[in-house]
Amino acid sequence: MEENKEKIFNRRALFFSLTLLFLIITVIVIFFACSRKEEEYTGYYVFCIDATETKVAYEKYSPKEKGGTGLIEEFLEQMQTEPADMTIKKAIPDNVHIDDYVLDEGGELTLYLDSAYGNYSGVNEILRRAAIVKTLCQVSEVAAVQFYVAGQPLTGSNLDIVGFMTADTFIDNTGGESTYQQNATITMYFSNKSGDSLVEVPVEIIYDSSIPLEQLAIEQLIRGPQTIDGVSGDNVQPTVPKDTTLNKVTVKEHTCYVDFTEEFLEKPDNITAEVAVYSVVNTLIELPDVNKVQFSINGEQELLYNNTIRFGEVFSRNLDIVEQQQ
């Protein structure tokens, strides 16, 4: 009897020991797995912009150079090379060239870019600038970066000189958070009171990298001029039906593709079809990266607008129907 009790006890002790050993091994495996996961990447990045041009993105990069001017030049070259990831774009586009750079003893780096960089403005320019500065400030000898464009210091939308920037100048939005806030004036076009001409209306906006300027402009057209401070409803009227929804807006090769819901086709009775269509076209072409506009309705091409305008074609600016200001 005692012998049986001892065997049972030994079996239980062995089972307990094996269970405890298994738990210990499991904890050790989990610990090391988590340690590897939490291990932070300590190498370099080449910063880019995402394909939608709404935020800064990046690729991990292992440079050949160790530092100094050699690493600066390698980073500049890499920022002009298309990323391997197709969802992001290089920070320095093909038409922009870096004429020279100067790094002084205090670590202040001046980049001299040609006049083509001046064609970029708004969110698009800010994101490219952020990507360039964040990349170059990884070089230990670089404390800050400033831009010269066509021999002149880079200025912001308020024409103030931007000056030297560091990586901390730009809020990190690589994780989807915003924001590079800027002030800008957009020239928008609404209908005159008689509905047969367009009227220029300058609109002050504050925007950030999370929303394209094209979207902001169209959304303001939908809200109408009555929501703009300082604009009198006695002089202008809306051109887009208020129930219209913007499905999507994108810009490719300087053409802005605008997709509305079907409400856009319900032209307001008191304006002409030309005024309705060209209020959108002319407003968008006032933006820096847009030369032409292509419409669609719920993803499909419509042949006619209001049975009068060929709606499937690409539209250019029309200033003939803009009312001349006195």
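Modeller: A bend at a residue is the angle between axes fitted to the seven residues ending there and the seven starting there. By that definition, helix 5 bends by about 25° at S279. Helices (H or I, at least four residues) and strands (E, at least two) are DSSP runs, numbered from the N terminus. This is a predicted model, in which local features need pLDDT of at least 70, side-chain atom pairs count only at pLDDT 80 or more, and totals for chains, interfaces and linings use all residues. Residues are numbered from 1 along each chain as its sequence is written, and side-chain values use heavy atoms, with hydrogens and water left out.

Colleague: What makes strand 11 and strand 13 edge strands?

Modeller: Two strands pair if DSSP finds at least two bridges between them. Six bridges join strand 12 (residues 255-260) to strand 13, and these two run parallel. The open sheet has three strands in the order 11-12-13, with mixed pairing. Strand 11 (246-252) and strand 13 (292-297) each have a single partner strand, so one side of each lacks a neighbour in the sheet.

Colleague: Which residue in strand 13 does F260 stand opposite?

Modeller: F260 faces I297 there.
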